[in-house]
Amino acid sequence: TLIKLGNHIMKKTLTLIAAMTLGAMSFSSWADKLTVGASNVPHAEILEQAKPILAKQGIDLEIKPFQDYILPNTALAGREIDANYFQHIPYLNSVLKDHAGDKTYDFVSAGAIHIEPIGIYSKKYKSLKDLPQGGKIIMRDAVSEEGRILSIFEKEGVIKLKPGVDKVSARISDIVENPKKLQFQPNVEAALLPQMYNNDEGDAVVINANYAIDAGLDPVHDPIAVESGENNPYANIITVHRGDEKKKDIVALVNVLHSKEIQDWIRTKYKGAVIPVNN
């Protein structure tokens, strides 16, 4: 009797496993696969929220996390992924400029999703005006971020940029007034900036919100200065090969990320550190 019972249970178990396997196979057979490269925070977290919604539309979203700002575009150029979600338009434009003439880098934005206001952190000083003479400002090694960062210093009255200069494309060389003789050092990989802040290096450290969140910092309350989210040109986008922005799966992805459900989740989850783009 025990042998018969054991055989019966085994048959039931095998039947259940077979059904589950068949179900998974049937899902993968009708679902469209969409692979998106993304920074861990907040991009991959936001995509995780979109995943079950897209599944109901027959789209199997695979999220491929990246730790830096170089490899997501390299992977897209090599068509290892269908899209990436980590960068803003000014950064994308700088990448396209660096790869001018390379047809594998013919990228466009499929839609802007959110803004991460960049912050300036200091363990020594309470405001930018408190920074000392010759103070060292540690920045990310990205030309596309220089104007963005310098605009914060100018707004706080610490420096002045050349009159009429485009704030997005402004460079350190465009500073015309710098009474404190601040030393801007744009030579650090973005992922290392939180560590440099924790080590109390420099007088101030400029950190992107995604890396700040990942390091356990509060990008709203911890910085001594934060850029405004209003009329901000640095919205993070879904980037694809030219022409792919019209594909059904990409359009569906952008629509889901623009949905009230996802935008409300972003507001609740990140409490102002990540701001959804209004559509």
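Guide: Start with a term: two strands count as paired if DSSP finds at least two bridges between them. The model is a predicted one.

Take strand β6, residues 136–140. Four of its five residues are buried, so β6 is largely enclosed by the rest of the structure. Two partners matter here. One is strand β9, residues 183–188, which pairs with β6 in the parallel sense over five bridges. Within that pairing, Met139 has Pro186 of β9 as its bridge partner. The other is strand β10, residues 204–207. β10 also runs parallel to β6, and two bridges join them. Here Ile137 is bridged to Ala204 of β10.

Next, look at helix α5, residues 143–155. Just after the helix comes Gly157, with a positive phi of about 80 degrees.

Now the wider setting. The protein has nine helices and 13 strands. Of its 279 residues, 46% are buried. Take contacts with a sequence separation of 6 or more: 77% of them join residues 24 or more positions apart. The accessible surface is about 14,300 Å², and carbon and sulfur atoms hold 54% of that.

In soluble globular proteins, nonpolar side chains tend to be buried together. The largest core here has 30 residues, and Leu47, Ile238 and Leu257 touch the most other members. Elements giving two or more residues to this core include β1 (32–39), α2 (40–55), β2 (59–66) and β3 (83–88). Beyond its neighbours within four places in sequence, Leu47 contacts Val36, Ala38, Leu61, Ile63, Tyr85, Leu253 and Leu257. Another core lies apart from the largest one. This other core has 25 residues, among them Leu92, Tyr121, Ile138 and Ala190.

His241 sits in strand β12, residues 236–241. Its relative accessible area is 4%, so His241 is buried. Leaving aside residues within four places in sequence, His241 contacts Leu76, Ala77, Arg79, Thr104, Asp106, Phe107 and Val108. His241 and Arg79 are 162 residues apart along the chain, yet their C-alpha atoms are separated by 8.9 Å.

Asp244 lies in the loop between β12 and α8, the latter spanning 248–257. Asp244 has a relative accessible area of 12%, so this residue is buried. Not counting residues up to four places away in sequence, Asp244 touches Arg79 and Ile250. Arg79 is therefore a contact of Asp244 and also of His241, by the rule of heavy atoms within 4.5 Å.

Trp265 is in helix α9. Its relative accessible area is 22%, so Trp265 is partly exposed. The cut-off for buried is under 20%. Leaving aside neighbours within four places in sequence, Trp265 contacts Glu45, Ile46, Gln49 and Tyr270. Trp265 and Gln49 are 216 residues apart in sequence, with a C-alpha to C-alpha distance of 8.3 Å.

Methods. Residues numbered from 1 in each chain as written. Predicted model: local features only at pLDDT ≥ 70, side-chain atom pairs only at ≥ 80, totals over all residues. Heavy atoms only, no water. Buried < 20%, exposed > 50% of the residue type's maximum accessible area, 1.4 Å probe, protein only. Areas by Shrake-Rupley, 256 points an atom, 1.4 Å probe, with all protein chains shown as cover. Core = buried A, V, L, I, M, F, W, Y, C linked by side-chain atoms within 4.5 Å.
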